[in-house]
Amino acid sequence: MLPELERVPRIELAIAPTPLQKAPRLAGAIGLDRLLIKRDDNTGLALGGNKARKLEYLVADAQRKGADVLVTTGAAQSNHCRMTAAAARVAGMEAHLVFRDQAVDEVQGNMVLDRLLGATWSFAGEQNPAECMNEVAEELRHAGKKPYVIPAGGSNGRGALGYVRCAFELVGQLKERGEEPRYVVCAGGSCGTLSGLTLGLALADSASALAAVSISRSVPDRVAKAKQVMTESSEIMGVELPDTKPLIWDGYVGPGYGMRTELTTRALEVAARTEGLILDPVYSAKAFGGLIGEIEAGRVKRDDLIVFIHTGGTPALFADPKLYWHAD
């Protein structure tokens with residue numbers, strides 16, 4: 001592990017290292033000889049997922065600053081909000097979640113867990129969610145609380161350190177196997193995971209390229225956002241920013257964030273029916289669908305070794321599944 005990273009305050013929230021598993025039947029079904037799955041759905045915190053790694057650094061910073069409530073934002077089915085609510089409880093704090101858009105009629109999926117964890121929430125409606133978060137934080141201060149505001153997805157330079165750490169963990173696992181993948185593939189949402197992995201792979205001297213599949217149009221230029229986040233991460237660690245950037249696989253968003261595509265449905269079904277692997281409909285299935293698309297387009301070759309980062313998010317499957325695939 002990078003010594004400069006080890007000096008940054010962190011609390012343990014994730015069960016790590018997460019497994020790196022072979023998926024031979026799934027590989028064959030999508031046209032690959034070899035496929036490895038990095039099981040970050042198994043990080044353990046509130047049913048697991050990638051946000052646990054980011055929150056290890058963000059919550060440590062919140063503790064250092066004397067915070068007693070975490071404030072963050074996301075969609076109503078946000079995995080990040082669910083795991084922030086859980087991390088708050090682990091740290092003896094409260095959580096307030098600002099959901100994007102209008103209020104929903106039914107509490108389901110991730111929101112059931114938000115409620116179980118005792119998080120409070122509000123809806124931004126037509127307001128910018130970031131502005132709404134700042135207003136909520138100000139109201140909490142007036143009430144005598146000490147809020148700590150976490151951006152959507154935990155995707156800033158400090159949060160991304162969780163995936164710098166994951167990259168070193170992954171490189172170590174691959175070295176034990178004597179393998180070097182052509183691509184490490186993940187979902188590209190708010191850009192924290194892809195930024196941390198890109199930076200971490202470079203700092204670990206890996207020859208593997210990070211390929212991120214866009215799952216929404218919320219970030220117009222993910223390469224520029226990744227460069228910004230990697231710069232922040234490098235400054236926090238006190239290391240020189242390497243000359244690296246992620247490869248972005250676009251064109252797989254479909255109608256929009258969290259909305260199904262034919263490839264999303266195929267990804268959900270083929271993973272489940274070949275390996276018993278449950279993807280989530282918003283992030284990992286759309287990202288895996290993008291990988292299938294790149295294979296079918298010939299840009300990923302049969303003999304390329306691929307590592308797919310499974311970032312969790314299973315509770316979203318239980319929130320109106322007809323949005324995501326043809327569930328009856």
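Is Thr43 buried or exposed in this predicted model? Thr43 turns out to be buried, because its relative accessible area is 0%; here buried means under 20% relative accessible area, exposed means over 50%, and partly exposed covers what lies in between (1.4 Å probe, protein chains only). A word on the ground rules: residues are numbered from 1 along each chain as its sequence is written, and side-chain values use heavy atoms, with hydrogens and water left out. Since the model is predicted, local features need pLDDT of at least 70 and side-chain atom pairs count only at pLDDT 80 or more, while totals for chains, interfaces and linings use all residues.

Back to Thr43, which sits in the loop between strand S2 and helix H3 (51-64). Helices (H or I, at least four residues) and strands (E, at least two) are DSSP runs, numbered from the N terminus. Setting aside neighbours within four places in sequence, Thr43 is in contact (heavy atoms within 4.5 Å) with Leu13, Ala14, Ile15, Thr18, Gly48, Gly49, Ala52 and Met83. With Gly49 there is a further detail: its backbone oxygen lies 2.7 Å from a polar atom of the Thr43 side chain. As for Arg302, 259 residues from Thr43 along the chain, the two C-alpha atoms are separated by 30 Å.

Next come the nonpolar cores. A nonpolar core is a set of buried Ala, Val, Leu, Ile, Met, Phe, Trp, Tyr and Cys residues joined through side-chain atoms within 4.5 Å. The largest one has 35 residues, and Ile30, Leu35, Phe288 and Leu291 have the most contacts inside it. Two or more residues of this core come from each of helix H2 (24-30), strand S2 (35-39), S7, strand S8 (209-214), H10, H11 and strand S10 (306-310). H11 is the top contributor, giving six residues. Leu35 shows what the packing looks like: beyond its neighbours within four places in sequence, its contacts include Leu26, Ile30, Phe288, Leu291, Ile306 and Phe308. There is also a second, separate core of 34 residues, with Leu174, Cys191, Met230 and Val239 among them.

Cys191 has another point of interest, as its phi is near 85°, a positive value in a residue other than glycine. Cys191 is found in the loop between strand S7 (183-188) and helix H8 (192-203), and it counts as buried because its relative accessible area is 2%. Asp101 also has a positive phi, near 70°, and is not a glycine either. Its place is the loop between S4 and helix H5 (110-116), and Asp101 is exposed, given a relative accessible area of 51%. Another backbone detail is the cis peptide bond from Ala16 to Pro17, with omega near 5°; Pro17 belongs to the loop between helix H1 (3-6) and strand S1 (20-22).

What about the aromatic rings? A pair of aromatic rings is described by the distance of the centres and the angle of the planes. Rings of Phe, Tyr and Trp (its six-membered ring) pair if their centres lie within 6.5 Å; planes under 30 degrees apart count as stacked, over 60 as edge-to-face and the rest as tilted. The whole structure contains five such pairs. In one of them, Phe99 and Trp121 are tilted, at 5.6 Å centre to centre and 50° between the planes. This pair links distant parts of the chain, with Phe99 in strand S4 (residues 94-99) and Trp121 in strand S5 (residues 120-123), 22 residues apart. Phe99 is buried at 0% relative accessibility, whereas Trp121 is partly exposed at 22%. Tyr257 and Tyr283 make an edge-to-face pair, with 5.9 Å between centres and 75° between the planes. Tyr257 is in the loop between strand S9 (247-249) and helix H10 (262-275), and Tyr283 is in the loop between H10 and helix H11 (284-296), so the pair ties together parts that are 26 residues apart in sequence.

For Tyr283 the charged end belongs to Lys51, 5.9 Å from the ring centre, and for Tyr257 to Arg100, at 5.4 Å.

Technical notes: Lys NZ or Arg CZ within 6 Å of the ring centre and 35° of its normal. Polar contact = N/O pair within 3.5 Å; in protein donor to acceptor, adjacent residues only side chain to side chain.
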